[in-house]
Amino acid sequence: MPVEDITPSDSYEALRTDPDALLVDVRTDAEWNFVGIPDLSATGKQPVLIPWQVYPSMGVNGAFVEQLRRAGATPLSKLYFLCRSGARSLAAAQAVQAAGFPNAYNVADGFEGPVNADGHRGSTAGWKADGLPWRQR
């Protein structure tokens with residue numbers, strides 16, 4: 001079954017209302033530290049931070065599914081995957097779906113979204129552009 005894209009606002013609402021929902025931020029340590037992370041404190045949750053690709057080589061994290069399990073995800077969990085723009089999160093969601101986690105969703109446009117006319121991210125679409133809570137780490 002294909003991974004469904006979901007808007008950042010709809011994913012935040014699911015995180016707020018569904019106790020089994022988890023936000024899995026698959027960006028790198030550098031992105032979390034320098035760009036920021038979603039602030040889920042109003043939901044009583046924290047984002048699960050597991051890189052899909054390991055910086056600086058950007059090779060796929062071979063332990064990703066095991067790290068997801070250790071973070072508390074089960075096949076019953078609703079998993080919302082987030083990256084910078086929606087590409088890495090889609091790959092991660094597809095991989096975990098194939099590994100037995102059927103409720104995997106891709107947060108469309110990611111944390112920062114596509115680049116705007118000036119070549120900058122964060123102003124046209126995505127978590128930040130939707131006005132959802134975030135913080136510097």
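**Close-up views of a predicted model**

**View 1. The largest nonpolar core.** In this predicted model, the largest nonpolar core comprises 18 residues, and those with the most contacts inside it are Val24, Val26, Phe64, Leu68, Leu79, Phe81 and Val96. At least two residues of this core come from each of α3 (64-70), β7 (78-82) and α4 (87-98). Phe64, leaving aside its neighbours within four places in sequence, is in contact with Val24, Val26, Ile50, Pro51, Trp52, Phe81, Ala92 and Val96. A second, separate core has 15 residues, among them Tyr12, Leu23, Tyr80 and Trp127.

View 2. Five strands form an open sheet in the order β1-β8-β7-β2-β4, with parallel pairing. Because β1 and β4 (48-49) stand at the edges and each has a single partner strand, one side of each is left without a neighbour in the sheet. Strands β2 and β7 run parallel and are joined by five bridges. Within this pair, Leu23 stands opposite Tyr80 in β7.

**View 3. Helices packed on the sheet.** Helix α1 packs on the sheet, where it touches β1, β2, β7 and β8, and its direction makes about 130° with that of β2. In α1 (residues 8-17), the buried residues are Pro8, Ser11, Tyr12, Ala14 and Leu15. These residues lie on the same side of α1, because they cover an arc of only 160° around the axis. The elements that cover them include β1 (4-6), β2, β7 and β8 (104-107). Helix α4, for its part, lies across β7 and β8 and runs at about 180° to β8.

**View 4. Thr28 and its surroundings.** Thr28 is placed in the loop between β2 (21-25) and α2 (29-35). Its relative accessible area is 4%, so Thr28 is buried. Leaving aside neighbours within four places in sequence, the residues in contact with Thr28 are Pro51, Gln53, Tyr55, Met58 and Arg88. Arg88 also forms a salt bridge with Glu31, in which the closest N and O atoms are 2.8 Å apart. Since Arg88 lies in helix α4 and Glu31 in helix α2, the pair ties together parts that are 57 residues apart in sequence. Arg88 and Glu31 are both buried.

View 5. The model contains five salt bridges, including the two shown here, Glu13 with Arg16 and Asp18 with Lys78. For Glu13 and Arg16, the closest N and O atoms are 2.7 Å apart. The two residues are three apart in helix α1, so about one helical turn separates them. Glu13 is partly exposed, with a relative accessible area of 35%, and Arg16 also counts as partly exposed, at 45% relative accessibility. For Asp18 and Lys78, the closest N and O atoms are 3.7 Å apart. As Asp18 lies in the loop between α1 and β2 and Lys78 in strand β7, this pair ties together parts that are 60 residues apart in sequence. Asp18 counts as buried at 18% relative accessibility, whereas Lys78 is partly exposed, with a relative accessible area of 24%.

**View 6. Gly72 in the loop between α3 and β7.** Gly72 is located in the loop between α3 and β7. With a relative accessibility of 45%, Gly72 counts as partly exposed. The C-alpha atoms of Gly72 and Val48 are separated by 9.3 Å, and the two residues are 24 residues apart along the chain.

Note on methods: Residues numbered from 1 in each chain as written. Predicted model: local features only at pLDDT ≥ 70, side-chain atom pairs only at ≥ 80, totals over all residues. Heavy atoms only, no water. Core = buried A, V, L, I, M, F, W, Y, C linked by side-chain atoms within 4.5 Å. Buried < 20%, exposed > 50% of the residue type's maximum accessible area, 1.4 Å probe, protein only. Helix = DSSP H or I, 4+ residues; strand = E, 2+ residues; numbered from the N terminus. Contact = heavy atoms within 4.5 Å. Arc of directions from axis to C-beta. Pairing = 2+ DSSP bridges. Axes fitted to C-alpha atoms, helices over the stretch in contact; angles between N-to-C directions. Salt bridge = Lys/Arg side-chain N within 4 Å of Asp/Glu carboxyl O.
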